[in-house]
Amino acid sequence: MMRLSSDSTRQVRSLRPAHSITLARTLHPGAWWVWAIGLAAGASRLTNPIGCLLLLAVAGFVVSARRSRAPWAYAFGGFLKLALLIIVIRIVLQALLSTESQGVHTIVVLPQIPLPSGAAGLKLGGVVTWEAVITAFDQGLQLATIICCIGAANALASAQRLLRCLPGALYEVGVAGVVAMTFAPQLVADAVRVRSALRLRGYDGRSVAAVRRSAMPVLEGALARSVDLAAAMDSRGYGRTTVDRRATRMATAGLVIGGVVGICAGTYGLLGSAGSGWMGLPTLGLGCALAVVGLVVGGRRTGRSRYRPDPWALPEWLVAGSGVAAAVILFLLAHAHPGAAVPPYPLQMPEVPPLLLVGALVGVLPAFLAPPPPDRVVDKGRPR
Amino acid sequence: MASPRLALAVVATAVGFLACTATAPATAAATAVPHIQAQPAQVAAGPIDGVRPLTGVSYSYWGFYQWDRAKHAWQFSPVGANDKQTATATTGAVYGFRWALVVKTPRPPRAPGDFAAICGGTKAPAGKKRIAFVIDFGTATDSPSSQRPPAPRGVCAVVPSSATAQQALDTVASLRTNSSALICGIDGYPSSGCGQKIANATPPPPDGRVQLQLAGNGPSTDSGSSSLPWVIVAVVVIAALGAGAWLLRARRA
């Protein structure tokens, strides 16, 4: 794209339909993941319940506005239920089992089972205080928000399309991922189809005999499909290596693994508030650099082609940028108003500085800036 | 302690970024603080016997002390302020809290734990106990930021006989604790953070004696957050987004 230089081609590029934010198309899955990880990273700095609820509402709104009709698009509801479960478990564990965060405002006194003195920090029953319950709720809500942000990415982006974007150096992983992602759902669909066919013929679909009877057609279908997929992948150059030197392979693998470990350590240092200096940004930067070098070196060794690659155009930049902006604003907030990001007194109304609202609302922009998914727009009679 | 967590983070990221981001904040809180008040084992290896300064790292934190009436001196508490053991204290116990930069020796409150002076004028009904607290906010050199330490104060808590030291203190001062119930701030001092790690700190000058302020029994009012309008705006925004999501879902389902 950078090679286009004359004025006329630049004009053509600016008119590329991929840059339109209203033309219905599927957004690049990487953009949704950057957006979601940005929101999750922001939430990792907040135990302010209002801030977390804001982020939850933002994620839910964007999912409702921009999800497709694909099966995975309905995943967000499941993540919301998981979030509720997390909050309930957190409250029960912390209020009933932990002696930590116990204040003085008692809700109820349960009968207490005495534990040996070795069980420091543990109790069974006893006093349940408002402080313990509200602290547990805030922390559970934070974890739930992070999980729901990731759930939003799952609902909005197709995992198969994301795997297709894997760089060439990781193609073994990509092949395994594509095969798994394609076959698990198809296997289930096959099994359901065969079982309903059995039941239509008057058999009980759940007995051991029925399982034995349906195993054969299901496996047969899976084998047929795997042969088809293998042929399709073969025709696109999967499995063909252009550079076959052992040293290059080892160097690539070392660079990528070292880079991924560096990225993990750096992300942990950055997201966890452990705050030891060497583990934060420097490690992340080093890891990213290593990984990029490894991917570039490794990418040269495969020569596969892509079938209709997803473009990365203006809407992708806007969506990814909104997630990054939300994360940056919330990190700034945690730095400037630590008392608002992590409310010190659980029983007081948490502070809400305007920056918190701005940070969360930047995250809602993809609901308007991302192009609508094609299968939603067809209903209204607009062209695809 | 860090390496299993790191390994956990590596494994989790291999599974997916989900697990990595989900566990990091939950586990990170535990590493954020030098475990001084809450864990007896670490206290024993801490500033008292001078093990920690060998590493060149010092901490400033709220130290928890108990007044030893026989020796007429402060003793670094072997247990945390929220430990069940402190609940067995009866009327007459004196606890000290001192914010200090600890390099080699423990730095107890700079005023003696005079129970009669602090709790002498207070009566306790049956079933309750009187606990005296000496809260010493330290000197300006101990301060982690530009925040000026308030004057040291003595206060008497009248609490149920089963209350721990931390619960008793909670009734007479506003406590800011972290997720492990470690005391990070008392009466808004310091206003943020939870203990501070300082590399290669120079030992502070020896402490003199100070006079306690005994007036004003009750938590100081530091809740000056006047952001209620923004809270209302935030709640309205949450409601609007939630309703919008619901409507879009209903329209498109």
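This is a predicted model: local features need pLDDT of at least 70, side-chain atom pairs count only at pLDDT 80 or more; totals for chains, interfaces and linings use all residues.
Start with the inside. The largest nonpolar core takes in 60 residues, and Trp32(A), Trp35(A) and Leu46(A) have the most contacts within it. Two chains contribute here: helix 6 (228-252) of chain B supplies at least two residues of this core, and so does each of helices 2 (29-43), 3 (49-66), 4 (75-97), 5 (130-156), 11 (314-336) and 13 (354-362) of chain A. Apart from this core sits another one, made of 25 residues, including Phe133(B), Ala157(B), Ala163(B) and Ile186(B).

Trp35(A) is worth a look of its own. Leaving aside residues up to four places away in sequence, Trp35(A) touches Ala59(A), Val62(A), Ala152(A), Leu156(A), Val319(A), Ala320(A), Ser322(A), Gly323(A), Gly363(A) and Pro366(A).

Now for the outside. A nonpolar patch on the surface brings together Val34(A), Val324(A), Val328(A), Leu332(A), Leu355(A) and Val358(A), with about 450 Å² of accessible area between them. Helix 11 and helix 13 of chain A each give two or more residues to the patch. Helix 11 gives the most, with three residues, and Leu332(A) lies in that helix.

Aromatic rings come next, with 13 aromatic pairs found over all chains. In one of them, the ring centres of Trp62(B) and Trp99(B) are 6.0 Å apart and the planes meet at 65 degrees, so the pair counts as edge-to-face. Trp62(B) belongs to strand 1 (residues 57-68) of chain B and Trp99(B) to strand 3 (residues 94-102) of chain B, so the pair ties together parts 37 residues apart in sequence. Both tryptophans, Trp62(B) and Trp99(B), are buried. Ring pairs also link them with Phe137(B) and Tyr189(B) into a cluster.

Technical notes:
Residues are numbered from 1 along each chain as its sequence is written. Chains are lettered from A and ligands numbered from 1 in the order in which they are written. Side-chain values use heavy atoms; hydrogens and water are left out. A nonpolar core is a set of buried Ala, Val, Leu, Ile, Met, Phe, Trp, Tyr and Cys residues joined through side-chain atoms within 4.5 Å. Buried means under 20% relative accessible area, exposed over 50%, partly exposed in between (1.4 Å probe, protein chains only). Helices (H or I, at least four residues) and strands (E, at least two) are DSSP runs, numbered from the N terminus. Contact means heavy atoms within 4.5 Å. Patches are made of residues with over 30% relative accessible area and no salt bridge: like charges are joined within 9 Å, nonpolar side chains (Val, Leu, Ile, Met, Phe, Trp, Tyr) within 5 Å. Accessible areas come from the Shrake-Rupley method with a 1.4 Å probe; for residues, only the protein chains shown count as cover. A salt bridge is a side-chain nitrogen of Lys or Arg within 4 Å of a carboxyl oxygen of Asp or Glu. Rings of Phe, Tyr and Trp (its six-membered ring) pair if their centres lie within 6.5 Å; planes under 30 degrees apart count as stacked, over 60 as edge-to-face and the rest as tilted.
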